[in-house]
Amino acid sequence: MAPTAENVVVSNIKLERMLSMKGGKGEASYAQHARSMVHLLRETLDGVRLSEEEEEVPFVVADLGCSCGSNTIYMVDFIIKHMMKRHEAAGLHPPEFSAFFSDLPSNDFNVLFQLLPPYGGVSMEECLASDTHRSYFAAGVPGTFYRRLFPAKSVDVFYSAFSLHWLSQVPDVVLDKRSTAYNKGRIFIHGANESTANAYKKQFQSDLGGFLRSRAKEIKRGGSMFLVCLGRTCPDPTDQGGAGLLFGTHFQDAWEDLVQEGLITNEQRDNFNIPVYAPSLEDFKEVVEADGSLLINKLEVFRGGSPLVVNHPDDAAEIGRALANSCRSVSGVLVDAHIGDQLSDELFSRVASRATSQAKELLDQLQFFHIVASLSLA
């Protein structure tokens, strides 16, 4: 007997508890994108004020939306070693360093902590040369980054990669049948009507505004923020670029397959929406300037490449599986909660099948763009 689903809508409170902010596209893909932007991160770090020799306060780094993979440790280690080198070059005694790894309470912090190398407690030179010991104290901070997480004026460097495109919630009007923004027949903003797009954009503006106001209170004078999120090059928000191809094509059609086969109802499909918004440069800039508490040191669109990691580009089935796996790594926890594990398996199987039939087009067209921002206090 085919699996069926009850009509369960994930509440926004439950969404916050369960959603992985990293929205991981897989460790390999994340590493590829993150490490390609190291030169931009280095520019941001070169603008951070160095600690005075007599100061006895730690230099604090916070990774927001850290997830639980090894790449977050790699990036924090890079930041701290770079700041150690800057202190050394300036002839300053390096401070002690603290790193805070922050994500929603659903994040598996135990896995992350097990990946942390032991604290070295050795000289700066040994720390810089060591890959087996860490040169900083570490702690986890559970909570949403759209609200306050740290004491005022306590953080030198904020780092957040591939997280800010996740909204705190699906806009209420998108799920309201009485609203012109009701996203009937769709599970994402891509290809939706103007009212739906405006609802998503308004939610993004509200969320990013909350993020910026919180960080402006928490960052030290002379500190900096380095932020990366999915972005788009088209001014029209209903064209979500790479995110649109990921969620608005084969993934979208797979939901329709389940409806047509009677496994779920139209209403069940319409009550599921992906809480992601890929902003344009102008979208991002408008929110920063409207808030006014932070200055833009750098803001650009970065071509991030394809999220599909495949060993055999000529193997259509492998490409199909890669797309399904990418969709699942990002949205699987939400799909499971909405229609259950069995139907989730059915859904992603159909995503793989549909993507396999369009494998060449996917490899040619599925490219992600990222917004890269470097900000400091105004």
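Predicted model: local features only at pLDDT ≥ 70, side-chain atom pairs only at ≥ 80, totals over all residues.
Local features need pLDDT of at least 70, side-chain atom pairs count only at pLDDT 80 or more, and totals for chains, interfaces and linings use all residues. Residues are numbered from 1 along each chain as its sequence is written, and side-chain values use heavy atoms, with hydrogens and water left out.

**S224.** This residue lies in strand 5 (residues 219-231). Strands (E, at least two residues) and helices (H or I, at least four) are DSSP runs, numbered from the N terminus. S224 is buried, at 4% relative accessible area; buried means under 20% (1.4 Å probe, protein chains only). Its contacts (heavy atoms within 4.5 Å) include D156, V157 and F158, not counting residues up to four places away in sequence.

**Helix 9.** Eight of the 11 residues in helix 9 (residues 250-260) are buried. Among them are H250, Q252 and D257.

Just after helix 9, G262 has a positive phi of about 75°.

**Cores.** A nonpolar core is a set of buried Ala, Val, Leu, Ile, Met, Phe, Trp, Tyr and Cys residues joined through side-chain atoms within 4.5 Å. The largest has 76 residues; F211, L212, M225, F251, W255, F284 and L323 touch the most other members. Helix 12 supplies the largest share of this core, nine residues. A second, separate core of 33 residues includes L41, F78, I80 and F162.

Note on methods. Buried < 20%, exposed > 50% of the residue type's maximum accessible area, 1.4 Å probe, protein only.
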